[in-house]
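These are my notebook entries on one protein model. I set down what I looked up, entry by entry.

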Amino acid sequence: MRLFDLDPLDLVRYHGQSLLWDRAIRGALSVAGPMIVGVALGNPELGLIATLCALWPWMNDLGGEIEDRLINMATSGDAIIIGGILAFIAGHHYGAQLVVLFVCAVIIGWVHNTSRGLENAARCMGFSFVIAVSLDLVSWTLLLPVIAGAAWAMLIVWADHQLRRQYVVETGASVRAGLHNILGEHDSDWRFGVRYALAAALGLSLAIHFGATHAAWVTITTLAVMRPNDSECVQLVVQRAFGTLIGVGIALGIVSLSHDAWHLTAAAILLAFLISPGLIWQRWSGFAAITAMALVLLDMALLSEGGDRPLLSERIYDTALGCSLALLTTWIIFPSRWRRKPSTGS
């Protein structure tokens, strides 16, 4: 039934595709648990760390049988820990940090065409390393919130499966499928791996030496948007840049209305709920929800210092720098046009 030429079902689907509201609920719960505990205990900083370590495994819940879903999420959690350990090994030595980041990026580029689950987990390792190095979060005391966050997200998925007993069609995106492909006939794209690694190292270097306040955002943006295919990379850059701009505006409105920790927690939970539907409806809207949620949580973590309003505008600058690096390296280092075979005339 249509009402004023609008099908009411279009509110819960996009071009016939479900907006995955059940996944949205799991995402909101994944964020809610750690942040509520952190605020209740008067330590929103640890709540923020646990939340990020729940959010990344949740994003690697790609469907399939429950075993594959949990393995995907656990692998992301393990990758976060590995990234932190690598940051500990690199220490405060800038040269060592660049070398480790280069190796991480090569690994990410190497596994990108095995399976989405394995690629996502590898990217989690890179994200974790960059955040730990940039924000000086190298401490064994942070291991507990990291494990707790990932375990909480997995518990939600397991409980949801026990309650609803719904099986999703096998996606082929699991970590196990990726490992099988590596052991089989995996055609490694080393050119993309090297390009990816150079972009990540260059991003961290420029961010540290040329004034980007939050170096992690620059490098993570570069790591997140780069793809082997030029057109896909450009699309992700445009979508992330536009989504970031919208997300910063949303976050600015939220933190301007209230600095109460519980109000900010509620806003972050709502934004987490909107991530999954947003990524399906229009990818930029999903990026906007992620950006706004992250900034709201960071503002809450800095409440003891009265918040950090400048980070809102700096987020735009850092994202623009990261996107620019991704585009430049994609077009300059081993560009795809150099790899095209010349057409043979008749």
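**Entry 1. Overall make-up**

I counted 13 helices and 2 strands in the protein chain; helices (H or I, at least four residues) and strands (E, at least two) are DSSP runs numbered from the N terminus. The model is predicted: I required pLDDT of at least 70 for local features and 80 or more for side-chain atom pairs, while totals for chains, interfaces and linings use all residues. Residues are numbered from 1 along each chain as its sequence is written, and side-chain values use heavy atoms, with hydrogens and water left out.

Of the 346 residues in the protein chain, 49% are buried; buried means under 20% relative accessible area, exposed over 50%, and partly exposed in between (1.4 Å probe, protein chains only). I noted an accessible surface of about 16600 Å² for the protein chain, with 67% of it belonging to carbon and sulfur atoms. Accessible areas come from the Shrake-Rupley method with a 1.4 Å probe, and for residues only the protein chains shown count as cover.

I then looked up contacts, meaning heavy atoms within 4.5 Å. Among those in the protein chain between residues at least 6 apart in sequence, 78% join residues at least 24 apart.

**Entry 2. Confidence**

I checked pLDDT, the predictor's confidence in each residue, from 0 to 100. The protein chain averages 77, and 78% of the residues score at least 70.

Where pLDDT is low, the predicted coordinates should not be read in detail.

**Entry 3. Nonpolar cores**

I took a nonpolar core as a set of buried Ala, Val, Leu, Ile, Met, Phe, Trp, Tyr and Cys residues joined through side-chain atoms within 4.5 Å. The largest one has 45 residues, and Phe 129, Val 130 and Tyr 196 have the most contacts inside it. At least two residues of this core come from each of several helices, including α2 (44–59), α3 (66–90), α5 (116–134), α8 (190–209) and α10 (230–257). Which helix gives the most to this core? I found that α5 does, with 10 residues.

Leaving aside residues up to four places away in sequence, Val 130 touches Leu 101, Ala 216, Thr 219, Ile 220 and Leu 223. Another core, of 25 residues, lies apart from the largest one; Val 31, Leu 48, Val 255 and Ile 275 are among its members.

**Entry 4. A nonpolar surface patch**

I found a nonpolar patch on the surface formed by Ile 85, Phe 88, Ile 89, Trp 140, Leu 143 and Ile 147, with about 590 Å² of accessible area together. Patches are made of residues with over 30% relative accessible area and no salt bridge; like charges are joined within 9 Å, and nonpolar side chains (Val, Leu, Ile, Met, Phe, Trp, Tyr) within 5 Å.

Helices α3 and α6 (143–164) each supply at least two residues of the patch, and the largest share, 3 residues, comes from α3. Leu 143 is found in helix α6 and is partly exposed, at 31% relative accessibility.

**Entry 5. Salt bridges**

Side chains of opposite charge can pair when their charged atoms come close. I counted 6 salt bridges in the structure, each a side-chain nitrogen of Lys or Arg within 4 Å of a carboxyl oxygen of Asp or Glu.

Asp 160 and Arg 26 meet in one of them (3.3 Å, N to O). Asp 160 lies in helix α6 and Arg 26 in helix α1 (residues 21–40), so this pair ties together parts that are 134 residues apart in sequence. Asp 160 is buried at 17% relative accessible area, and Arg 26 is buried at 7%.

Arg 69, in helix α3, forms a salt bridge with Asp 61 (2.8 Å, N to O). Are these two partners buried or exposed? Arg 69 is buried, with a relative accessible area of 4%, and Asp 61 is buried, also with 4%. Not counting residues up to four places away in sequence, Arg 69 touches Arg 26, Asp 61, Gly 63, Gly 64 and Val 157. I noted that Asp 22, Arg 26, Asp 61, Arg 69 and Asp 160 are linked in a network of salt bridges.

Asp 68 and Arg 176 meet in a further salt bridge (2.7 Å, N to O). Asp 68 lies in helix α3 and Arg 176 in helix α7 (residues 175–183), so the pair ties together parts that are 108 residues apart in sequence. Asp 68 counts as buried at 7% relative accessibility, whereas Arg 176 is partly exposed at 45%.
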